[in-house]
Structures are given as C-alpha cells and as structure tokens.
Amino acid sequence: MTVTPRLTDTPTWRALQTHFESVRELHLRGLFAEDPGRGDRMVLEAAGLYLDYSKNRMTDETRRLLVQLAVERGVGERRDAMFRGERINVSEDRAVLHVALRAPRGSHILVDGHDVVPDVHAVLDRMADLAGRVRSGEWRGFTGRRVKTVINIGIGGSYLGPEMACLALRSCSDRSIETRFVSNIDGADLVEATADLDPAETLFVVSSKTFTTLETMTNAYSARQWLLSALGDEAAVGRHFVAVSTNAAEVERFGIGSSNTFGFWDWVGGRYSMDSAIGLSLMIAVGPENFFAMLAGFRAMDEHFLTAPLDRNMPVILGLLAVWYNNFFGAQTQAVLPYSSALARFPAYLQQLQMESNGKRVDIEGRPVGYDTGPIIWGEPGTDSQHSFFQLLHQGTKLVPCDLIGFAAPLSALEFHHDLLMANLFAQAEALAFGRTVSELKTLGAGAGQIPFRVVEGNHPTNVILADVLTPRTLGSLIALYEHSVFTQGAIWAIDSFDQWGVELGKALAGRIIPELTEVEEPGLEHDSSTNALIRRYRDARRAERE
C-alpha cells in the first residue's frame, strides 16, 4: 500500500513557505507597476469563460511553485483516475463519476468493467420524454388538467443545484409552468409553497436516493396528504408525483410507478448530481434542449480540465490560488460575488460544493491533516452586496479573497442597467486591489481629520470570471469550473472530497430526540444538562400551547 506523504513534509511545500516570506508584504500596486503587462498575461480562456487572475498576491515564481506542488501531489494522476472510474472515494470505496453524467453519447466510461454511459443516456432520454410531455400538456393530472406548477421536494444536493439553475436560467424557462422548491422540514416551507396552488394542476418531483431521507420524505408524505385531501383517490398519486430514487420498493409503496421513477448511481455524490435525474425539475422548466446545452458546457470544461497543462488549466489555477490563501495567508473565508441577479443562489450552491467536499480533518490515510482545509464560502450578488458587507472587504482587518463573476451581454432589454452593473464589477476589483492612498486623498482635497478614515489600503485579491452571456452552456461550464477547482484543492490536501460523514451524527441524534419531544409522558433524558433542559422547556411550551 502506498502511503501519501504528508503535505507539510514535501519539498515544494517547504519551498512555498520560504517563498511566502519573501512576497507576503508585496502590494498589488507595486506588482502592476513593475509588470505593466500583468493584466494581459495572467489570464486564461476555456469553455466560454475568461479568467483574469492578475489581481492576486502572487508572482510568476508563486505560480511556478504552486503548479509544481500540484505535480508533486499527483493532481493530474488523481484526476485521470477519476475519469477512468477508479474508486477514489476511499472511505466509501466508490468511484466518483459526475463527469459521466455529461459524457457524450457513444463514449465509454467503465465502473468495475461496466460501461455507465449508456445507462446515463437512457435516464436522460426518459427525463426528456417526461419533460416534453409535461411542457406540451400531454401529461395530464388525475382530473385531466394540465400541470401549471412543479414542486421539487428534496434537500441538500437534491434541491440546491436545481433551484440555483432554475433561477439562473429563468430567462429561457417556460413561464406557463412555475417551478418551486421545498427542502426545509419546517412545515411552513411546504404550506407556503402550496398555499395558492390547485392540487389538480400540481406535479411533485420527490428527490431522494434512498427514499428515506427524513426531511424529504416528511415533506413528501405531507404533500401526498395535501393532494389526497383535495382529490380523494389514491390513484391520483401516480399522476401528481414522480420520483428520483434508487429505492424501488419505497417508491412503489408511496404510490409512484416504475415508469415515473428515475434512478441514479452510488458514484454520483448529492452535491454533484444536478446534471443527473436530480435535475428533472430543471429540465421541465427549461426544456430538454437547454438542459442538454448545459451538459455540453459541463463537458467542455471537463475536457479542458482533463487535457490542458496544469499551468494553463483554469480549474487547477483557481484551486491552487485557494490553497495559497487558505494555507499561507491564513484566509478563513472566500467570497463569491456574481454580478448577476440570476446567479443569486450560486454562492449557496458553492457552499455545499466546497464545504461538504473539503471540510475534512483527516487525510485519505485517516491521519489528522495538521493544516487548514476547505475555506468558508459565502457571498451575495453585486451590486446588492456592495451596500451590505463590502465595507469589511475594503477596510476591515480580515483578508477575504473574492471571485467576481460577470457577463458581457445582459439578460434584459435594459442595456444601460447592465453597463452600470459591469462598471461596478470592474470598479470593485480595481478598488480592492489598489485602494486609495493618503496622497491620493490629499490631491482630492480631503481634510486631515478625515484621511485616516478614508484610506483604503487595497491589496485584496480577486479573480474576475467573465463570459459573453449567461446561457445554459455557460452555466454548465461555470459549475464544472468550481467542481474541478474543489477537486484540485482536495488532491493537494490529500483528503477525500467525496464523502460527508460529518453530517451523520446530527441526523442520528435527531432520530433519538424526536420521540423525546413527542411522547405524552416525558421519557428518561440521558443527554447533557443543556440538551435535557432544552428538551424539557420545549415540551413544557408545547403542552402549554395545547392546553
């Protein structure tokens, strides 16, 4: 068995530590003054995206050493193993093949000797058939009426991706069919989602691999009761519910037939699954043609990631920069700032992608890592965010690397609005990098008493990602860019980016606590004193409410 060397013991890591001491105080003003062509040189183009990474606190030597680290840590070999279908999810002994979800028809990817590409396209074809029938009105509800609202019931990766993408691609969606999402087990989520709907015109997509997920199935059974209370016949369930699951027995017990059940595979992690059957609600919203265009965008970035040299590989460079700030500058967070209202949910989507993938404390050998892994991801759309937290970005004491995402063409006819939007994107990247000095303020006539409060030091790193327009294909490329950046970081840190054992404990404890909240007589409580007291206070409040 090959033992992975500890990251901090590798020669390139030590060289980077030495190098960091020589560049940590360099300012972007100086870096650009010494290299006027930096902004034209530190750029990459791939899969319809343009990345300007020149406003990072790095030199050519930094990039050389980071790429050398990627070579030393076997990023390329691990990437190739993933594309070959090897079991790189070591803790669960599984392949990691979200790239197979967008592989072209006729290609071949083997898992344990079985070609999975035909299976993928068989499901996609069935999804396209259902989506086409719902969109055309051929699919009718139990009373013969057309579907006007699709509600996706899922949680985590079973809703974040489709919800984000439905908003992002709203401009090319079928406005005669509304798509809604229910994820939270808070009953208010489901009640509000259905309050103004007619059950006879509503189709539910229940997304749960096991069909036992607590939140999803609680909502699904409540939705089922809502439907039956209006339509009255169990046969209605099969006309108003479809399932995305691999548990055929539970799906059938719910009342959904096999022809309306769409499967996926254990080599697809939830946070990587929106381009599988999990995206069924999205396909209904935007249509099969647009969904397949999105898959083409995924595939274009996959091919770039697989074939481009590491020093010209966009996901690799993004991932290496994340390591640079996380592990050398000590940056605890990273902001993602899309200058597009359509990408309002993109930061939330990336939170799961990054933090569930790389929030790990042991490496693939099971050893404590001894260094920071995944950064905290957060963000909101610009320009809204400029009027909320940008004060901290510009003049606060924390280093927050930022990704700013924008598009050359607007999604509306209000073109001047878009010019203003993009002017703000470019201005914020410039301001974060270069700031405003004392001498500049004096030239502007600022009073001596105000100057300390108005100085903006700058030297805050940004990546600017541009595309021509937000299309389905562009969205696919953008998502895959971040997927493979996360992969690169995990390979550097030698962690398993594809399990998520950390979410299990809370679920197990909740299962124990549920009957302790609902039983008529208080059971013996054997938690810590705080949890016991909270449970008793809740029980008392519920009893008082009932009385």
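Me: How do the residues of the lining of the largest cavity divide into nonpolar, polar and charged?

Reply: In this predicted model, the lining of the largest cavity has 13 nonpolar residues, eight polar ones and one charged.

Me: Which residues lie nearest the centre of that cavity?

Reply: Ala322, Gln334, Gln354, Asp403 and Gln489 lie nearest the centre, out of 22 residues that line the largest cavity. Two or more lining residues come from each of α14 (314–327), β10 (333–338), α15 and α20 (472–493). Helix α14 gives the largest share, five residues.

Me: How is such space found, and what is the volume of the largest cavity?

Reply: The general idea is that a probe the size of a water molecule, rolled over the atoms, shows where empty space is left. Here the largest cavity has a volume of about 220 Å³. Over the whole structure, the search finds three cavities of 30 Å³ or more.

Me: Now the open space. How much space lies in the largest pocket?

Reply: The largest pocket holds about 970 Å³ of space. It is lined by 38 residues, and those closest to its centre are Thr213, Gly270, Gln500, Glu504 and Lys507. The elements giving two or more residues to this lining are α9 (214–231), α15 (346–358) and α21 (504–518). By type, the lining of the largest pocket has 13 nonpolar, 16 polar and nine charged residues.

Me: Let me try a single residue. Is Gln386 buried or exposed?

Reply: Buried is a matter of a cut-off, under 20% relative accessible area. Gln386 has 15% relative accessibility, so Gln386 counts as buried. Its place in the chain is the loop between β11 (376–378) and α16 (390–395).

Me: What does Gln386 touch?

Reply: Leaving out residues up to four places away in sequence, Gln386 touches Tyr339, Asn424 and Gln428. With Tyr339 there is also a polar contact between the side chains, at 2.7 Å.

Me: Last, the sheet. What is the order of the strands in the open sheet of five?

Reply: Read across the sheet, the order is β6-β5-β7-β8-β9, and the pairing is parallel. An edge strand pairs on one side only, and here the edge strands are β6 (178–182) and β9 (261–262).

Me: How many bridges join β8 to β9?

Reply: Two bridges join β8 (residues 241–244) to β9, and these strands run parallel.

Key
Residues are numbered from 1 along each chain as its sequence is written. This is a predicted model: local features need pLDDT of at least 70, side-chain atom pairs count only at pLDDT 80 or more; totals for chains, interfaces and linings use all residues. Side-chain values use heavy atoms; hydrogens and water are left out. On a 1 Å grid over the protein atoms alone, a cavity is a set of points where a 1.4 Å probe fits but cannot get out, and a pocket is an open set with protein on both sides within 12 Å along at least five of seven lines; lining residues have an atom within 4 Å of a point. Grid points are joined across faces, edges and corners, and a volume is the space filled by probe spheres set on the points. Helices (H or I, at least four residues) and strands (E, at least two) are DSSP runs, numbered from the N terminus. Ala, Val, Leu, Ile, Met, Phe, Trp, Tyr, Cys and Pro count as nonpolar, Asp, Glu, Lys and Arg as charged, and the others, Gly among them, as polar. Buried means under 20% relative accessible area, exposed over 50%, partly exposed in between (1.4 Å probe, protein chains only). A polar contact is a pair of N or O atoms within 3.5 Å; within protein, one must be able to donate a hydrogen and the other to accept it, and residues adjacent in sequence count only if both atoms are side-chain atoms. Contact means heavy atoms within 4.5 Å. Two strands pair if DSSP finds at least two bridges between them.
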